[in-house]
Amino acid sequence: MLTPEERTEIEAEFPHYPNRKAVCIDAMKIVQKHRGWLSDEALDDIGELLGMSSTDLDGVATFYNLLFRRPVGRHVIYLCDSVSCWIMGGDQQRNHICKRLGIASGETTADGRFTLLPVVCLGACDHAPVMMVDQDTHRDLTPEKIDQILEQYD
Amino acid sequence: MPDDKPLTGNMRSDGVALDLKAYERAGGYEGLRKALGGMTPAAVIEEVKDSNLRGRGGAGFPTGLKWSFIPDKAPHPRYVVANGDEMEPGTFKDRILVELDPHQLVEGMILAGYATGADIGYAFLRGEYTVGAERVARAIAEAYEAGYLGKDILHSGYSFEIYLHLSAGRYMCGEETGLLNALEGKRANPRAKPPFPPASGLFGKPTTINNVETLCNVPHIIRNGAGWYRGLSRSKDGGTKIYGASGKVKRPGLWELPMGTTIREIIEEHAGGMRDGLQLRGLLPGGASTDFLTGEHLDAPMDFAGVQSVGSRLGTGTMIILDDKTCPVGMVSNLEHFFSQESCGWCTPCWSGLGWAERILRAMEEGRGKPGDLEKLAFQARFWAPGHTFCALAPGAAEPLQSALKHFRADFERHIDEKRCPWK
């Protein structure tokens, strides 16, 4: 079941669109914000409110890079793997993160603290290499800087 | 306001967004007052047509002409969509517009709405622009409070709503019909055209879609006039352009300059030239989906015709610089990985061909290139040409590949002959 909070946030989107189906991406983002990821049960809950099947929702969820159908860590590291960051040494930064956290790209640390995901260009190319951790953008990455940044997220 | 930088001249250097008061002090919403106070929608469209403003999202379609495609008798509700899904690799210009001067976008959307008789606007922003989203949301709220949005705006009888939509992330959302599907809560596959969005767009209603930078120009055009706007430019295309450079130049960044500023001036004067010890090998002038240019093209003006005349496209105007210590094959491999991953899977040349090319390029980088690979790559790139797919993703993917095969052929051949990447 959707929590009252999830339901209220989703319903606040209804007036912005002419039908409930159009709200489904917002709805999935809202539920993911509260639960971390979109389980089958989460899709059932959303589908019930929006009048959609969970299969339809799954089709939409799997299309979008920022909707997760598998569990992720408490913090998600989004590391840019596009061209400007690649030129500026993005691969070395990725190797450093993987080594430090003991995971490969796409994996979650054993303690559930971090998931590392490669993402496309984050639009801060004059400060490449760039990553986001959750909602925050971090620029001009170096191994030392990455170590300091990751310390901030428990 | 510094007259020569209407888009960025008012921005604060400390990174704080202009609020409503600061925006108004700089002349903000005067364009809207002028339009609603005495210009017909047709007159607004004429002014924008006269300004020679062309779309800043990559395709360069004349903005006034696009607006005129909404027929007078078209049904309601009509929509205006601001395309802020800035996901073209190497492109970071719309970010500063939404982060530092969000009212400019709001006013541009209202003016576009008035000109096309629209009822509702959606500001579509990529989900990763969290700071921009917060600031655009605040600007929208301030505009409602001040009577610039909502019912009977400034007692003109015109009403317009704006809603903010944050994307869940996919390059396809930048393609205009993919974006419309995303707003409808669907996978962002492209739609068959015709019908085009002015006839049947969002929720099947008449819709106008403009890039964020395009819309940000409109308040200034209406306030100061088309003649003033044309005068900002060094070329036939009106206005200024936010140019950018990333890669190993001394000072990567963004600069608002007259449309038609040369590539050389942008790289050498504004970006400070190449870092010490590096030579310029090539550049993508306007994002990942533009053809490579090389050192011989630096005197081309960065406007739509100028870049086209040397074999590429202005695109988003934010260039990605390739230096002589970076492997061009590796760069193309990175680009095709991006396009292949972001393909929506709708059209065969795209979902099949991009992955094929990506695998060939990766193999080449790993020393497993084979004779005949370059012919296969060229063959694939021809299949991605416009007309073979529903949208411009595959044609965009062809541009850096086909041009790299031309300009850096010897580098590709060395990878195959030496069975390794010579840069590693």
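Along the sequence, the elements of chain A run α-α-α-α-β-α-α-β-β-β-α. That makes seven helices and four strands. The model is predicted.

Colleague: Why is the pair Asp58(A) and Arg69(A) called a salt bridge?

Modeller: The cut-off is 4 Å from a side-chain nitrogen of Lys or Arg to a carboxyl oxygen of Asp or Glu. The side chains of Asp58(A) and Arg69(A) meet at 2.7 Å, N to O. The pair is therefore within 4 Å and counts as a salt bridge.

Colleague: What parts does the pair tie together?

Modeller: Asp58(A) sits in helix α4 of chain A, and Arg69(A) in the loop between α4 and β1 (75-80), so the tied parts are eleven residues apart in sequence.

Colleague: Why is Asp58(A) called partly exposed?

Modeller: Buried means under 20% relative accessible area, and exposed means over 50%. Asp58(A) has 26%, so partly exposed is the word. Arg69(A) has 22% and is therefore partly exposed too.

Colleague: How do you know whether Arg56(B) and Glu213(B) are buried or exposed?

Modeller: Set the values against the cut-off of under 20%. Arg56(B) has a relative accessible area of 1%. Glu213(B) has 0%. Both are therefore buried.

Colleague: What makes Arg56(B) and Glu213(B) a link between distant parts of the chain?

Modeller: Their side chains meet in a salt bridge of 4.0 Å, N to O. Arg56(B) lies in the loop between α3 (41-50) and α4 (63-68) of chain B, while Glu213(B) lies in helix α9 (residues 212-224). They are 157 residues apart. Both also belong to a network of salt bridges with Lys93(B), Asp94(B) and Lys241(B).

Colleague: Where do Glu99(B) and Arg95(B) lie?

Modeller: Both lie in helix α5 (residues 93-100) of chain B. They are four residues apart, about one turn of the helix.

Colleague: Why are Glu99(B) and Arg95(B) called buried?

Modeller: Glu99(B) has 11% and Arg95(B) 5%, so each falls under 20% and counts as buried.

Colleague: What makes up the interface of chain A and chain B, then?

Modeller: In chain A, 37 residues are in contact with 53 residues of chain B. The rule finds 19 residue pairs in polar contact across the interface. The side of chain A that touches chain B has 21 nonpolar, ten polar and six charged residues. The two chains bury about 3,600 Å² between them, 59% of it on carbon and sulfur atoms.

Technical notes
Residues numbered from 1 in each chain as written. Chains lettered and ligands numbered in written order. Predicted model: local features only at pLDDT ≥ 70, side-chain atom pairs only at ≥ 80, totals over all residues. Heavy atoms only, no water. Contact = heavy atoms within 4.5 Å. Buried area = accessible area lost by both parts, 1.4 Å probe. Polar contact = N/O pair within 3.5 Å; in protein donor to acceptor, adjacent residues only side chain to side chain. Nonpolar A, V, L, I, M, F, W, Y, C, P; charged D, E, K, R; others polar. Helix = DSSP H or I, 4+ residues; strand = E, 2+ residues; numbered from the N terminus. Buried < 20%, exposed > 50% of the residue type's maximum accessible area, 1.4 Å probe, protein only.
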